[in-house]
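Here is a walk through one model.

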Amino acid sequence: MAAMDGTTMSLDLLLDRWERERDRAVSKVSRAMDTAAFNHFAVYLAEDDKRQQGSTVREPMQHL
C-alpha cells in the first residue's frame, strides 16, 4: 500500500521494475495482455477522477 500511495516508491518506478522482471519470465503475448490490462485500469481511474473531481485526463497511462 505504501507503494500505491507513493510514500515508499512511486507507482511508475514499481511498474517499470515489474515490467523488466516480466520481460524475462513471460512471452510477448503475455506482456501484451499485461499492457492491455494496465491501459484499461488507467482509463478506469481517469474516468473515476472525472466523475469525482470533474477533471479531464487526456493521457490515462500518464495519469496512472
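**Helix packing and an aromatic pair**

Helix H2 (residues 11-25) and helix H3 (residues 28-53) have axes that come within 10 Å and cross at roughly 160 degrees. Axes are lines fitted to C-alpha atoms, for helices over the stretch in contact, and angles run from 0 to 180 degrees between N-to-C directions. H2 and H3 are therefore roughly antiparallel (angles over 145 degrees). Their crossing is right-handed: the near helix is turned clockwise from the far one by less than a right angle. H2 contributes Leu 15, Trp 18, Glu 19, Arg 22 and Asp 23 to the contact, and H3 contributes Ser 30, Arg 31, Asp 34 and Phe 38. Contact means heavy atoms within 4.5 Å. By class, the contact residues are three nonpolar, one polar and five charged.

This is a predicted model: local features need pLDDT of at least 70, side-chain atom pairs need 80 or more, and totals for chains, interfaces and linings use all residues. Residues are numbered from 1 along each chain as its sequence is written, and side-chain values use heavy atoms, without hydrogens and water.

Now the rings. The count is one aromatic pair (ring centres within 6.5 Å, six-membered ring for Trp). Trp 18 and Phe 38 form that pair, edge-to-face (planes over 60 degrees apart), at 5.6 Å centre to centre and 80 degrees between the planes. The partners sit 20 residues apart, Trp 18 in H2 and Phe 38 in H3.

Finally, the chain. There are four helices (DSSP runs of H or I, at least four residues) and zero strands (E, at least two). Buried residues (under 20% relative accessible area) make up 14% of the 64 residues.

Methods:
Parallel < 35°, antiparallel > 145°, perpendicular 65-115°, else oblique. Nonpolar A, V, L, I, M, F, W, Y, C, P; charged D, E, K, R; others polar. Phe/Tyr/Trp six-rings, centres within 6.5 Å; stacked < 30°, edge-to-face > 60°. Buried < 20%, exposed > 50% of the residue type's maximum accessible area, 1.4 Å probe, protein only.
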